[in-house]
Amino acid sequence: MSAIDDAQEEAKADMTPMIDVVFLMIIFFICIEFKVLESKLNAFLPTDKGSQSTVVEPEEQLSIKIHVESKGTPDFGKKAPNSVNPGTGRPNRFRLRGHKVRWEVGPTPIYTLEALREELGRIANADASQIPDKKTGKMKLMGCVIEAYPGTYYEDVAKTNDAANDAGFEEVNFGGGLGPGKK
Amino acid sequence: MNIEKMVKEELEMDMTPMIDCVFLLMIFFVLVIDLSQKNLEDLILPRAEFQEPDDEPPENRPILNVLQNGTVVYQSVVKYDPLVDQGYGKIRQLLMDIREVGLANGTLELMDKDIGGKMTQVMKDPILIRADKWTEWHYVGEIMKQCSQPQIAFWKVQLALSEEDKETGIKNASLTRGQ
């Protein structure tokens, strides 16, 4: 074998380790969790206000009303309002700035989410909030109904539901039929 | 054999390993691709402060996406556009189709439920509504109203929230606890 042959053999690159590493990296990047886990809020449809033909006896519920204090202004950033994202084919989203709501728990007006949590917690711990369960006869915490007035957003209702769950209300209903209101 | 001929022979590349790898990759991607992701639109959900993550969501749960302008998207297809469609007939039809197809395929089930002393057949499986945090509530409320129609009877409605508000970057308390 000549010196030229030896030189050519050493120049051969073994691709196998590189392919192995690339393959492992691909598996790694696919398997790690990029997306943020979503959680859920269980919602109970209002059995006493729906369109079922059966009659349901009304049960005492705590009313939580959400009114709009300040409607807020949509901020599209550098995008034109109501423009479409060519990549997704969906409308460009906006951020709503300056949106404020006011809650009414019974007759009490509340202006912050923290205060709402405190008030709901106080009510949930009161003896007067216990009602008899029609099926078992045992005492249970009354349910609550969230009534979102025109101009409220999903964020407002979701946070309210979150606060109610945190206070201990397991049965949260949603009042409906208030519609979009005047534009 | 001269040197020139030997050099030409050694430059030939063996394609077999590369083809093997490509096939392996193809098989891998086909097997692991998460088809359920196509049901999820790119939305910013409200942040859940206290709700626990849905670690094992029901596989067959239908998912409705509601965009900021009230457009309803199901499995990447726009099913209702409030700017175009009058009334809520298309939402009702969509829910009826989901129910019909699900029951026919066996992915959804019915159950008996006592409503006001009368046994009524309702959907056993929940339906998930994913709406952008800045979607006006009445669009979501209308879907819930349609869900309660006797011919649809999706009585378990779930509202999607996120552990992190991707708009503000604020995370759920369960994620920041202990930091």
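Modeller: Ala153(B) sits in the loop between α4 and β7 (156–162) of chain B. Helices are DSSP runs of H or I of at least four residues and strands are E runs of at least two, numbered from the N terminus. The model is predicted: local features need pLDDT of at least 70, side-chain atom pairs count only at pLDDT 80 or more, and totals for chains, interfaces and linings use all residues. Residues are numbered from 1 along each chain as written, with chains lettered from A and ligands numbered from 1 in the order written.

Biologist: What is the phi of Ala153(B)?

Modeller: Near 55°, which is positive, and the residue is not a glycine. Most residues other than glycine have a negative phi.

Biologist: Is Ala153(B) buried or exposed?

Modeller: Ala153(B) is buried, with 22 other C-beta atoms within 10 Å. The cut-offs are 20 or more for buried and 12 or fewer for exposed, with partly exposed in between, using C-beta atoms placed from the backbone.

Biologist: And what about Gln75(B), where is that?

Modeller: In the loop between β2 (72–74) and β3 (77–80) of chain B. Gln75(B) also has a positive phi, about 50°. Gln75(B) is exposed, with 12 other C-beta atoms within 10 Å.

Biologist: Changing topic: how many helices and strands does chain B have?

Modeller: Chain B has 5 helices and 7 strands. Of its 179 residues, 32% are buried.

Biologist: How many residues of α4(B) are buried?

Modeller: 10 of the 11, so α4(B) is largely enclosed by the rest of the structure. Trp137(B), Val140(B) and Cys147(B) are among them.

Biologist: At what angle does α4(B) pack against α3(B)?

Modeller: About 50°, with the axes 10 Å apart; α3 spans residues 89–105 and α4 residues 137–147. Axes are lines fitted to C-alpha atoms over the stretch in contact, and angles run from 0 to 180 degrees between N-to-C directions.

Biologist: Which residues of α3(B) meet α4(B)?

Modeller: Ile91(B), Arg92(B) and Leu95(B), which meet Glu142(B), Ile143(B), Gln146(B) and Cys147(B). Contact means C-beta atoms, placed from the backbone, within 7 Å.

Biologist: Last one: what does Leu120(A) touch?

Modeller: Leaving aside neighbours within four places in sequence, Leu120(A) is in contact with Val105(A), Ala163(A), Ala164(A), Ala167(A) and Phe169(A).

Technical notes. Two residues are in contact if their C-beta atoms, placed from the backbone, lie within 7 Å.
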